Amino acid sequence: MTMKIIGTGSCLGDRLVTNQDLAQIVETSDEWISSRTGIKGRRLTTGPGTSEMAAEAARRACEDGGVRPEELDLILLATSTPENHFPNGACEVQAAIGAVNAAAFDISAACTGFVFAMQTAYSFIAAGIFQKILVIGADDLSKITDWTDRKTCILFGDGAGAVVVEKGEGDTFGQIMGSDGSRGHVLTCKARSGGNFLTGKGPEMGYIHMDGQEVFKFAVKKVPECVEQVLKRQQVQKEDIRYYILHQANERIIDAVAKRLKEPMEKFPMDIQDHGNTSAASIPILLDELNRHGRLASGDKLIMAGFGGGLTWGALLMEW
Ligand code: COA
């Protein structure tokens with residue numbers, strides 16, 4: 001069996017912030033940011049947080065797929081920036097869109113979150129447990145970004161992307177998931193530390209910390225590796241792949257992956273120049289843009305691949 005995407009939607013932060021805007025708050029320049037990352041601008045949210053953007057993307061995905069929210073039986077929200085420990089963000093989306101028959105929970109795997117959530121959705125469908133699933137990637141990393149740190153603050157944007165999936169005909173679905181907790185320290189954000197009345201320590205929140213070069217090296221090695229693995233496992237040739245929809249973290253990472261895979265850049269659509277790195281949202285936002293611009297045809301074989309904090313990485317192969 002396979003899993004099909006029947007609708008896509010997305011929602012971006014309400015405010016455009018250009019590289020020139022960032023040069024007003026940290027010592028940087030448009031030239032540095034665009035030549036090192038490919039990013040020209042990003043959308044940050046001044047109002048709606050993760051769950052509101054997620055709910056809007058979800059509404060659009062349901063509308064695109066002709067699905068009534070009551071028909072959904074599961075909502076998976078991949079995010080590292082939920083507004084609450086509980087209720088979880090997926091439950092907030094459920095309430096906002098009126099998906100009264102769905103179970104709902106969040107998945108935390110940083111920028112790989114959407115790929116992991118899609119693989120989770122597939123497993124539920126393959127097991128016959130759920131039929132129609134809403135899978136969302138949403139993050140407002142701007143809220144956990146240190147706006148005095150030029151090494152990280154130039155990278156991120158806010159947004160949400162969603163898809164509705166269900167069982168499909170055929171058997172084109174492959175997945176690779178991986179994690180290496182021993183290298184977690186290269187990309188971190190402390191959610192809460194402190195203690196209880198015995199330790200006398202209060203809660204502390206943290207900001208994103210990153211060893212950029214280590215993350216870069218990890219990405220350009222792991223992404224091609226897991227793409228090759230999923231192709232081999234499914235016995236699909238690279239020539240048969242229409243698009244590689246990669247996590248949008250850095251244009252140079254995408255270039256390097258294309259080179260390692262010996263595949264032409266036309267197969268690697270990008271929107272990083274406009275949105276920056278929107279973490280778990282980047283893959284479904286790009287997918288929605290491809291869909292809405294009519295660039296996907298029935299039967300197109302797609303690879304989605306992500307990497308991020310954890311460290312985590314994953315690739316999936318599916319047919320449009
Ligand atoms: N503007 C101007 N100069 C900057 C800067 C900025 N925004 N950020 C860093 N610099 C400076 C550094 O201080 C350093 O100066 P020095 O040589 O005087 O010490 C110099 O530029 C080079 O810094 P470096 O960190 O080596 O740059 P880089 O080429 O590795 O690029 C990243 C930095 C972050 C763009 C790159 O490492 C990267 O994209 N890594 C992956 C990050 C990622 O994708 N994270 C999310 C994963 S999901």
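In which loop is the place of P87? In this predicted model, P87 has its place in the loop between β4 (74–78) and α4 (89–97), and the peptide bond that leads from F86 to P87 is cis, with omega near 0°. The points below turn to the ligand and its surroundings, and then to the backbone features of the loops.

**The ligand and its pocket**

- The ligand sits in the largest pocket, where it is surrounded by 23 residues, the closest of them being T28, R36, G212, Q213 and N250.
- Sorted by residue class, the shell around the ligand consists of ten nonpolar, eight polar and five charged residues.
- At least two residues of this shell come from each of α2 (30–37), α6 (150–153), α7 (212–234), α8 (251–261) and β12 (301–308), and α7 gives the most, with four residues.

**Polar contacts with the ligand**

- T28, which is among the closest residues to the ligand, has a polar side-chain atom that lies 2.7 Å from a nitrogen atom of the ligand.
- Q213, also among the closest residues, places a polar side-chain atom 2.5 Å from an oxygen atom of the ligand.
- In the side chain of R252, an N or O atom is 3.5 Å from an oxygen atom of the ligand.
- Of the 960 Å² of accessible area that the ligand has on its own, the protein covers 76%.

**Cis peptide bonds**

- Most peptide bonds are trans, and most residues other than glycine have a negative phi.
- Besides the cis bond from F86 to P87, a cis peptide bond joins G310 and L311, with omega of about -10°.
- L311 lies in the loop between β12 and β13 (312–319), and β12 is also one of the elements that supply at least two residues of the shell around the ligand.

- A110, although it is not a glycine, has a positive phi of about 50°, and its position is in the loop between β5 (103–107) and α5 (113–126).
- Because its relative accessible area is 17%, and buried means under 20%, A110 counts as buried.
- Q235, which is likewise not a glycine, has a positive phi of about 55°, and this residue is found in the loop between α7 and β11 (241–246).
- Is Q235 buried or exposed? Its relative accessibility is 69%, and exposed means over 50%, so Q235 counts as exposed.

Technical notes. Residues numbered from 1 in each chain as written. Predicted model: local features only at pLDDT ≥ 70, side-chain atom pairs only at ≥ 80, totals over all residues. Heavy atoms only, no water. Near = heavy atom within 4 Å. Polar contact = N/O pair within 3.5 Å; in protein donor to acceptor, adjacent residues only side chain to side chain. Areas by Shrake-Rupley, 256 points an atom, 1.4 Å probe, with all protein chains shown as cover. 1 Å grid on protein atoms, 1.4 Å probe; cavity = no way out; pocket = protein on both sides within 12 Å on 5 of 7 lines; lining within 4 Å. Sits in = over half its atoms within 2 Å of the grid points. Nonpolar A, V, L, I, M, F, W, Y, C, P; charged D, E, K, R; others polar. Buried < 20%, exposed > 50% of the residue type's maximum accessible area, 1.4 Å probe, protein only.
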